[in-house]
Amino acid sequence: MNSGDTAWVLISAALVLFMTPGLAFFYGGMVRSKNVLGMLMQNFFAIGIVSILWAMIGFSIAFGGTGPLIGNTEFAWLANVATLDGNIPGLAFVAFQMMFAVITPALITGATADRLKFGAYALLIAIWSILVYAPVARWVFNPNGWIYEMGALDFAGGAAIHINAGVAALAVVLVIGNRRGHGSEPMPPHNLPFTMLGTGILWFGWMGFNAGSALAADGVAAQAVVNTQLAAAAGMLGWLLVERIKRGHATTLGAASGAVAGLVAVTPCAGFVGGASPMIIGAVAGAGCFAALGIKERMDWDDSLDVIAVHLVGGIIGTLLLGLFADSAVNGDTDGLFFGGGAELLKDQFVAAAAVGAFSFTVTLGIAVVISKTMGLRVSEDEELRGLDQSQHAEAAYSA
Amino acid sequence: MKLVTAVVKPFKLDDVKDALKAIGVAGITVTEVRGFGRQGGHTETYRGAEYKIDFVPKVSLSVVIADDAVDSVVDTIVSSAATGKIGDGKIWVTDVERLVRIRTGEEGADAI
């Protein structure tokens, strides 16, 4: 075992853990003041329930056995994890992957803001973690998984996390419907300083997310740190440039959104690209995700906090651009189209994105419909008007 | 006794307070309020979506004074709150039937 590698992965696990509270504040600032605790609670609760489920069975589904589609029960309740000991302890890998499993369903909460019943949410993400996230993580992150075997690359989860959660967000929005008053009454963010704070925490934690995925304290990890920073920076600048030209102002929410868009897009690429590539990837994501904001207007989807535009579109941009910019001089043995590898990787990246998207959409839609028809997915009209803080949690964020 | 109520621009509050203190006003009560008038609102943009904000933040201040002080108090507020631009606010004066100082029980002019 290598103590330096182990230390870095353990620290990265803590960094990735910190992203979920960051996401809570990123989203929490954007909702109306009567729903901020509801949003914070959904994100924090994901830490609670998914951590337990991951130890119980999720990790084993993703990393047990040798099947291409689904794992086995060899690591259930974290039995036999010591058999994974190598450069780092098996448990360090469990902890690091656990934090990914936690934040992925939490990403969905931005799309369903202000109207998702808490009990239904708890059930939704519990089932989703087992039926959607764990299998997809296996396909993408486990060397036995079919997407990994096919040759598609996903360094830290462009497909497994962002496309996956983004598509799931769309599926749940289609079932739960739009917020009351959507499109007719203004619902501006109630606390953008929270959103900026959350963005800073996400950005900080993302260093562990991407560079920790090297699973070693080595040159690939260093490359991932640099790539992550440059893509986030370029994402911010790209979004602000387009926003300034088209809307007249560079906004703080635009800076936050652009940085996150760049971070999302660089996630699959972080350990596979170098040079100026991360800046291009980030800038394309910043401008592209801004342009994608129009999708929900045209389709009348109340994806309240733009999970589709930022995570789904950002994830697709990063996953596909890796097919162009992957550089075997940086890491691995696959080159993208622009680095002499031909179109093979681009094709694999497309298949990975489409397969994850189709699977996640179908299964998530099924889960959401079943919950909606049985216990109900959505709060009552009265509860929605009073706000989630009071109706779901019997609390108020701000005393009168 | 009269109650003078003024709605002014928030950044003018300190100027108004200092001017009223200078003419001997012993106390004022301030409330943060929102409203619309001829000034109109403004537009805010969040992720490309534009919101028209009609209600503009203002500060409302109330002061109870003796009848003979009305003109000087109103004139002082006008001169200290004015910027000359639209949205400077309004002042209105109403009669006060009864005034009590809670600590001492004093009433009327003694309680001002």
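**View 1. Contacts between chain B and chain A.** Six residues of chain B are in contact with 10 residues of chain A, two residues being in contact if their C-beta atoms, placed from the backbone, lie within 7 Å. On the side of chain B that touches chain A, strand β3 (residues 42-46) of chain B gives the most, with three residues; helices (H or I, at least four residues) and strands (E, at least two) are DSSP runs, numbered from the N terminus. By class, this side of chain B holds two nonpolar, two polar and two charged residues, where Ala, Val, Leu, Ile, Met, Phe, Trp, Tyr, Cys and Pro count as nonpolar, Asp, Glu, Lys and Arg as charged, and the others, Gly among them, as polar.

**View 2. Confidence and numbering.** This is a predicted model, in which local features need pLDDT of at least 70 and side-chain atom pairs count only at pLDDT 80 or more, while totals for chains, interfaces and linings use all residues. Residues are numbered from 1 along each chain as its sequence is written, and chains are lettered from A. The complex has an ipTM of 0.81 and a pTM of 0.92 from the predictor. For chain B the mean pLDDT (the predictor's confidence in each residue, from 0 to 100) is 95, and 100% of its residues reach 70 or more.

**View 3. The fold of chain A.** Chain A contains 14 helices and zero strands. Its C-alpha trace spans about 55 × 50 × 35 Å along the principal axes. Of the 400 residues in chain A, 59% are buried, that is, with 20 or more other C-beta atoms, placed from the backbone, within 10 Å of their own.

Terms used: Buried ≥ 20, exposed ≤ 12 C-beta atoms within 10 Å, placed from the backbone.
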